[in-house]
Amino acid sequence: MSEIKPPSRWTLWLPLVLFVGFAGLAMSGLFRPAQREVESAMIGKPLPQFTLRAAVPERPGLARSDLADGKPRLLNVFASWCLPCAVEAPQLATLQAEGVEIVGVAIRDRPEDVAAFLARHGNPFTRIGADDRSEVQLGIGSSGVPETFVIDGQGTIRYQHIGEIRPEHVALLREKLKEVGS
Amino acid sequence: MTRAWFLLAALALFAAPLSAQDAVPPAPYANVQLPDAAQEAKAHALMLTLRCLKCQSQSIADSDAPMAGDMRSLVRERIAAGEDPEAIRAWLVERYGDYVSYAPRVTPLTWPLYAIPLVLLAAIGLVLRRRLRKGDGA
């Protein structure tokens with residue numbers, strides 16, 4: 001046993017260094033807010049085929065074929081039971097007033113509930129499809145409400161905004177629409 | 001007893017807004033098993049390894065979120081139509097990335113997780129061999 005040399009001086013410190021490094025990593029993980037949003041992997045890919053019935057009588061339903069006529073637009077995934085969806089209503093109204101076309105996908109919603117929601121918060125949509133089984137939502141990689149997608153004139157998904165559109169997000173969406181429009 | 005009733009009433013009051021996203025009847029196979037037991041077993045095994053996107057620490061088999069119900073129905077309907085479970089997983093991964101799947105995969109990012117234990121085992125083997133040989137010599 002006498003042949004085994006005592007560890008050299010720097011290796012004595014190695015366990016401590018490893019421990020401090022690990023503790024630092026754990027602390028930074030504790031204090032950094034976690035990324036809880038699941039981004040869609042469908043950016044740059046075409047929309048899937050779908051045909052949704054009209055969510056309210058006043059607006060037509062929504063199909064894949066309505067979204068490939070050469071005009072870029074916003075596709076807003078919302079629901080009457082979703083509180084942040086009410087928060088983003090003024091921002092959608094602003095964009096609509098500027099001439100942006102917005103189509104809606106209402107998730108698991110009854111016509112009377114959607115109508116009440118639109119009566120209260122305004123209706124910026126040209127078409128609203130009722131997605132009763134999250135078919136479109138799952139098809140485009142959306143994991144919650146509200147989410148807003150920029151769709152180009154060919155029906156390709158170009159950008160995803162997760163969560164409610166706050167006033168500071170309007171300029172970015174405007175810019176993304178301009179990018180895909182040209 | 002009256003207190004229990006009062007509590008129940010209070011709970012029901014708070015539950016009302018939450019139930020709104022259940023206003024529409026659930027997808028046909030959200031909470032209904034497939035008639036074919038073998039297909040249901042296949043579907044259930046897959047559902048246990050798919051992440052609920054609304055409640056991210058649960059599988060869609062465990063979650064009561066309406067969206068998880070829609071995902072269960074999607075899985076069961078596709079299995080019933082004869083689709084391979086791994087094809088359904090791939091379809092979801094194409095939309096949500098690897099995050100949606102609980103089944104680990106070897107990718108350029110994850111290969112060290114599989115390689116490091118092998119390297120450590122090999123290193124331990126080497127060290128042991130050296131020590132044992134020295135022991136023989138003494």
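Two residues are in contact if their C-beta atoms, placed from the backbone, lie within 7 Å. This is a predicted model, in which local features need pLDDT of at least 70, side-chain atom pairs count only at pLDDT 80 or more, and totals for chains, interfaces and linings use all residues. Residues are numbered from 1 along each chain as its sequence is written, while chains are lettered from A and ligands numbered from 1 in the order in which they are written.

**View 1. Contacts and burial in chain A.** Among contacts in chain A between residues at least 6 apart in sequence, 75% join residues at least 24 apart. Of the 182 residues in chain A, 36% are buried (20 or more other C-beta atoms within 10 Å of the residue's own, with C-beta atoms placed from the backbone).

**View 2. Secondary structure of chain A.** Chain A has six helices and seven strands, where helices (H or I, at least four residues) and strands (E, at least two) are DSSP runs, numbered from the N terminus. From the N terminus on, the order is α-β-β-β-α-α-β-α-β-α-β-β-α.

**View 3. Dimensions of chain A.** The C-alpha trace of chain A spans about 90 × 35 × 30 Å along its principal axes. The radius of gyration of chain A is 24 Å, whereas a compact globule of 182 residues would have one near 16 Å; the radius is taken over C-alpha atoms, and the globule rule is 2.2 Å times the number of residues to the power 0.38.

**View 4. Helices and domains of chain B.** Chain B contains five helices and zero strands. Its assignment gives domain 1 (27-104) and domain 2 (106-138), with bounds from an automatic or database domain assignment. The centres of these two domains of chain B, taken over C-alpha atoms, are 39 Å apart.

Conventions:
Buried ≥ 20, exposed ≤ 12 C-beta atoms within 10 Å, placed from the backbone.
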